[in-house]
Amino acid sequence: MLDIKFIRENQDKVRENCKNRLVDIDIDRLLGLDEEKRKLQTLTDELRAKRNAGSKGKPTQEQIEEMKKIGDEISALEEKQRMIGVEFRTLLLRVPNMTHPDVRVSDNEDDNPVLDFFGEPAKFDFEPKDHVEIAEKLDLIDFDRAAKVSGAKFYYLKNELALMEFALIQYVLSIVMKHGFTPFITPDLAKQEVLEGLGYNPRGESTQVYNIENSDLCLIGTAEITMGGLHMDEIIKEDDLPKKYVAVSHCFRTEAGAYSKFSKGIFRVHQFTKVEMFQYVTPDKSEDAHSELLAIEREVFEGLEIPFRVVDHCTADLGGPAIRTFDLEAWMPGKPNKDGAMGDWAEVTSTSNCTDYQARGLNIRYKDKNGENNFVHMLNGTAVAVTRALIAILENHQQADGSVKIPEVLKKFMPVAMDEIRKK
RNA sequence: GGAAGGAUCGCAUAGUGGUCGAGUGCGCCGCCUUGGAAAGGCGGUAAGUCUUAACGGGCUUCGAGGGUUCAAAUCCCUCUCCUUCCGCCA
């Protein structure tokens, strides 16, 4: 969340930012509640001070009566405060982070500037197939039985593709750890309060999050949740920063309202495995950390020999907690583009600088050299989202004879030695 | 899942209704001492929030929430987590 003091002192900027990000929120109402809340706080504090003073030692009967009355007043004020507090918090949580000055202002979420390219979309001297067809021919994914057992948008990975999930994880870890990250396997469930503190809305309408009945737990949509919650309510020594983590988890998404979007095969699914990078840094370092995360993501896909482009989310496409987000969009020869022709770019990674927005929500601070406590900056970035990477590999490395070449860098990580996937 | 015990300021502990936001030891920081260090001495050492130009002052927080009371770390209820034992189990 944003600092209410900051909102108070920068009303115009905050208003404009909300508008740029297409977030419709009543800032006047929020500030009104804030003022009322503080007024009530001062009132109750004064009454409490009075009561505390009166209750020192043994009060007389008369004083006791007086204190009783004050106690009732305090209770009434507290109730009022509580009501205001609930609405205040609901509104405050919805105010998005401020925006990096270099981000393009646009009200069209497809208006993301392309910053860079790697490689060339492959030219095939045959009709390239999409990953669904490839996987079917090579017996790599079972959608029908997954639908029977778990429903739509689930899948069984089989044979070489199951092995390749392990290889991808190992390959990515080998790269990320070179950069000084500590490896983790995280819980796949987390408490609602953690999601909320990070800027997710787990129980809202059209939420992307699965909730566990009769509990305050949610299935995580990304290890960003569990890695972001890791240091909740802690004060970190400045010398211990930056903290660089890389975490493997399963990710669960309801994909509510995503029916119209491209969703063939394993592109948009309810469950997948992801390796996520996460950093806690001092505020002066967050921009560099963001560049580092993007560079590692590039290293991963360059190694896999998959063409991609780098896009910079415009204001309309930015998530609430981020001031800036870069995506890698890989070339997917089997994905139809807007005009219906085969081949299009599709998101495979995403890295965000959330500055102190999430740290404030989860109360994560560091003690600086002067002994002052400040909020850390928090950043996340996909090292690999397995299903998306698998699509890119299958579609980019398919051969005329129907086989799929295994990228050189993955070979040594495959649990069983092989150079290609071909029909058995 | 059942039984018992526990959760206090970085760590270890004291504290069973008002003199407790909280003592002691360790750790840490500063100063004194020293050629330098150790030992010793002295002082300091949670966070949040409101208010103030500042000094300062108020309020909240003793796992969380609720209750009793003029007054709660302390009494009552619920929950969470930890430890031990039993059961079950990958």
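This is a predicted model: local features need pLDDT of at least 70, side-chain atom pairs count only at pLDDT 80 or more; totals for chains, interfaces and linings use all residues.
Sorted by class, the surface near RNA strand B consists of seven polar, six charged and four nonpolar residues.

In the contact of α3 with α4, 13 residues are nonpolar, twelve are charged and seven are polar.

At the level of domains, chain A is divided into domain 1, which spans residues 4-94, and domain 2, which spans residues 114-421. The centres of domain 1 and domain 2, taken over C-alpha atoms, are separated by 41 Å. Contact between the domains involves four residues of domain 1 and four residues of domain 2, and on the side of domain 1 that touches domain 2 there are two nonpolar residues, one polar residue and one charged residue.

Further helix pairs involve α7. Two packed helices are described by the angle between their axes and the distance between the axes. For helix α7 (residues 159-178) and helix α10 (residues 286-303), the axes come within 10 Å and cross at roughly 140 degrees, an angle that makes α7 oblique to α10. The crossing in which α7 passes α10 is right-handed. On the α7 side the contact is made by V172, I175 and V176, and on the α10 side by I296, E299 and V300; by class, the contact of α7 with α10 has five nonpolar residues and one charged residue, with no polar residues.

Helix α7 also packs with helix α12 (residues 386-396), at an angle of about 115 degrees and with the axes 10 Å apart. Since angles of 65 to 115 degrees count as roughly perpendicular, α7 and α12 are therefore assigned as roughly perpendicular to each other. Here, too, a helix crossing is right-handed, with α7 passing α12. The residues that make this contact are L161, M164, E165 and L168 of α7 together with V386, A389 and L390 of α12, and the contact of α7 with α12 divides into six nonpolar residues and one charged residue, with no polar residues.

Two features of the backbone remain to be described. Most residues other than glycine have a negative phi, and most peptide bonds are trans. Against this background, the peptide bond that joins L241 and P242 is cis, with omega at about 0 degrees, and P242 is placed in the loop between β7 (235-237) and β8 (243-252). Residue E305, although not a glycine, has a positive phi of about 60 degrees, and E305 is likewise found in a loop, between α10 and β10 (308-312).

Terms used: Residues are numbered from 1 along each chain as its sequence is written. Chains are lettered from A and ligands numbered from 1 in the order in which they are written. Domain bounds come from an automatic or database domain assignment. Two residues are in contact if their C-beta atoms, placed from the backbone, lie within 7 Å. Ala, Val, Leu, Ile, Met, Phe, Trp, Tyr, Cys and Pro count as nonpolar, Asp, Glu, Lys and Arg as charged, and the others, Gly among them, as polar. Axes are lines fitted to C-alpha atoms, for helices over the stretch in contact, and angles run from 0 to 180 degrees between N-to-C directions. Helices (H or I, at least four residues) and strands (E, at least two) are DSSP runs, numbered from the N terminus. Angles under 35 degrees count as roughly parallel, over 145 as roughly antiparallel, 65 to 115 as roughly perpendicular and the rest as oblique. A crossing is left-handed if the near helix is turned anticlockwise from the far one by less than a right angle, and right-handed if clockwise.
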